[in-house]
Amino acid sequence: MWAIAVPLIVFVAVVGPVWVVFHYITVWKRMKAEQRAQNPEQTARDQEMVAGLKKRAEKLESRVETLERLLDAEVAEWRNRI
């Protein structure tokens with residue numbers, strides 16, 4: 001019984017976590033290498049898409065602020081209901 005339990009405990013306590021950490025380090029490095037190897041056109045497209053999403057988010061934030069101002073003027077206690 002102990003002949004199997006002790007090596008199993010050592011594996012689970014020491015080798016297993018180290019194995020998992022090195023596995024995810026390898027995955028992370030692989031992802032970084034793939035990211036560097038991307039087509040420059042695709043990277044430019046991604047940057048354009050992020051810029052467009054940022055503009056859209058700013059517009060939506062402006063709309064929310066406007067709605068909050070209107071609600072503050074119309075229904076003074078609306079924040080307390082939430």
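**View 1. Residues 6-27 form a span that is 100% helix and 0% strand.** The end C-alpha atoms of this span are 31 Å apart. UniProt lists residues 6-27 as "transmembrane region", in an unreviewed entry. UniProt positions follow the numbering used here, feature names are shortened, and annotations may be inferred rather than shown by experiment. Helices (H or I, at least four residues) and strands (E, at least two) are DSSP runs, numbered from the N terminus. The model is predicted: local features need pLDDT of at least 70, side-chain atom pairs count only at pLDDT 80 or more, and totals for chains, interfaces and linings use all residues. Residues are numbered from 1 along each chain as its sequence is written, and side-chain values use heavy atoms, without hydrogens and water.

**View 2. Residues 50-77 carry the UniProt annotation "coiled-coil region".** The annotation comes from an unreviewed entry. This span is 89% helix and 0% strand. Its end C-alpha atoms lie 37 Å apart.

**View 3. Trp78 sits in helix H3.** Helix H3 covers residues 78-81. Is Trp78 buried or exposed? Trp78 is buried, because its relative accessible area is 13%. Buried means under 20% relative accessible area, exposed over 50%, and partly exposed in between (1.4 Å probe, protein chains only). Glu68 lies 10 residues from Trp78 in sequence. In space, the two are 9.3 Å apart, C-alpha to C-alpha. Across the protein chain, 4% of the 82 residues count as buried.

**View 4. The protein chain is assigned domain 1 (1-38) and domain 2 (40-81).** These bounds come from an automatic or database domain assignment. The domain centres, taken over C-alpha atoms, are separated by 42 Å. The protein chain holds 3 helices and 0 strands. From the N terminus on, its elements run α-α-α.

**View 5. The protein chain has a radius of gyration of 27 Å.** A compact globule of 82 residues would have one near 12 Å. The radius is taken over C-alpha atoms, and the globule rule is 2.2 Å times the number of residues to the power 0.38. Along the principal axes, the C-alpha atoms fill a box of roughly 75 × 45 × 10 Å.

**View 6. The protein chain exposes about 8000 Å².** Carbon and sulfur atoms supply 64% of this area (Shrake-Rupley method, 1.4 Å probe). The side chains include 13 positive and 11 negative ones. Lys and Arg count as positive, Asp and Glu as negative; His and the chain ends are not counted. The centres of the two sets lie 8 Å apart.

Key. The place of a charge is taken as NZ of Lys, CZ of Arg, CG of Asp or CD of Glu.
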